[in-house]
Amino acid sequence: MGSIVLFGPPGAGKGTQAQRIMEHCGLPQVSTGDMLRAAIQAGSPVGMDAKAYMDRGALVPDEVILALIEERLKDDDAANGVMFDGFPRTIPQAEALSHLAEITHVLAIEVPDDRIVERICGRVTCGSCGTVFHDTFNPVPSDGCVCGSFVEKRRADDNESTVLSRLSAYHEQTSPLAAWYDERGLFHRVDGDRDIGEITADLLALLN
Ligand code: ADP
Ligand code: ADP
């Protein structure tokens, strides 16, 4: 078995879809954004370094990200592959990854820029279980989160000015990966500007 990459701009729905297809694929979600936020929370040196980049919506340096990934891939649950979410984000990261894991699919969730701000600015996560919701598009059920103990969590970088920086980082540094993976026959696109369930169905069809 190999690993999968979920690709797309910030707010495309990578995390949402990872949570929905994880069980089907039997691969753990590996989100570099979540790992960096955990490092910040823990007050580790990596977190201290990364925070300034994240706060201004810039990418964290490749060597920091690659060190985190190399460590993560040593865990037992990664032995049969993982589902990468938000990694790789630069050509050097993709090149390094090609020596660390076998990638079978890069699934790109395509969403136009003018949809991204509303997605990001309404994002809310359950602090207890990590499920991703949206104030308008995917609200927390009236009887609460699936985990039964909803704790509202919003990201410090989910504001309009940081989103614009994250989008330009995406266009300048990350979008060239589409051609890079396409040349290697691994790249698949799905229209991400639709119902969450329709996107999941398309992703599962591509994986089968
Ligand atoms: P990413 O991991 O790519 O940054 P998320 O999965 O966190 O994106 O989604 C960003 C926000 O958009 C969340 O609030 C999520 O609930 C919402 N969202 C995800 N997919 C859709 C969709 N297809 N339509 C509308 N909103 C969506
Ligand atoms: P989103 O997909 O909503 O932009 P993430 O949680 O994936 O959010 O990333 C949050 C921030 O963490 C990014 O803006 C960036 O600063 C940093 N980051 C996450 N993954 C990477 C990566 N692979 N390379 C560089 N920086 C990263």
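**Notes on helix packing, rings and a buried loop residue**

1. Let me start with H5 and H8. The axes of helix H5 (residues 91-98) and helix H8 come within 10 Å of each other, crossing at roughly 30 degrees. On the H5 side the contact uses Ile91, Ala94, Glu95 and Leu97, and H8 brings Pro176, Leu177, Trp180 and Tyr181 to it. Sorted by type, the residues of this H5 and H8 contact come out as seven nonpolar, no polar and one charged. Keep in mind throughout that this is a predicted model.

2. H8 also meets H7. Here the axes of helix H7 (residues 160-174) and helix H8 (residues 176-183) come within 6 Å, with a crossing angle of roughly 35 degrees. The residues involved are His171, Glu172, Gln173 and Thr174 from H7, facing Pro176, Leu177 and Ala178 from H8. The make-up of this H7 and H8 contact is three nonpolar, three polar and one charged. Pro176 and Leu177 are worth a look, as they turn up in the contact with H5 and in the one with H7.

3. On to the rings. The model has five aromatic pairs. In one of them, Phe84 and Phe87 have ring centres 5.4 Å apart and planes at 55 degrees, so the pair counts as tilted; the edge-to-face label would need an angle over 60 degrees. Phe84 has a relative accessible area of 0%, so it is buried. Phe87 is buried as well, with 0% relative accessibility.

4. Trp180 and Tyr181 make another aromatic pair, this one edge-to-face, with 5.0 Å from centre to centre and 85 degrees between the planes. Trp180 has 10% relative accessibility, and since buried means under 20%, Trp180 counts as buried. Tyr181 is buried too, at 2%.

5. Phe7, Tyr170 and Phe187 are linked into it by ring pairs.

6. Within helix H2 (residues 32-42), the buried residues are Thr32, Gly33, Met35, Leu36 and Ala39. Around the axis they span an arc of only 165 degrees, so they lie on the same side of H2.

7. What lies over the buried residues of H2? The cover includes strand E2 (29-31), helix H3 (45-55), helix H4 (62-72) and strand E3 (83-85). Gly43 comes after H2, and its phi is positive, near 70 degrees.

8. Last, a loop residue. Val82 is in the loop between H4 and E3, yet Val82 counts as buried, with a relative accessibility of 0%. Which residues touch Val82, leaving aside its neighbours within four places in sequence? They are Gly2, Ser3, Ile4, Leu27, Pro28, Val30 and Leu73. As for Arg72, its C-alpha is 10.0 Å from that of Val82, with the two residues ten apart in sequence.

Key
Residues are numbered from 1 along each chain as its sequence is written. Chains are lettered from A and ligands numbered from 1 in the order in which they are written. This is a predicted model: local features need pLDDT of at least 70, side-chain atom pairs count only at pLDDT 80 or more; totals for chains, interfaces and linings use all residues. Side-chain values use heavy atoms; hydrogens and water are left out. Rings of Phe, Tyr and Trp (its six-membered ring) pair if their centres lie within 6.5 Å; planes under 30 degrees apart count as stacked, over 60 as edge-to-face and the rest as tilted. Buried means under 20% relative accessible area, exposed over 50%, partly exposed in between (1.4 Å probe, protein chains only). Helices (H or I, at least four residues) and strands (E, at least two) are DSSP runs, numbered from the N terminus. The arc is that of the directions from the helix axis to the C-beta atoms. Contact means heavy atoms within 4.5 Å. Axes are lines fitted to C-alpha atoms, for helices over the stretch in contact, and angles run from 0 to 180 degrees between N-to-C directions. Ala, Val, Leu, Ile, Met, Phe, Trp, Tyr, Cys and Pro count as nonpolar, Asp, Glu, Lys and Arg as charged, and the others, Gly among them, as polar.
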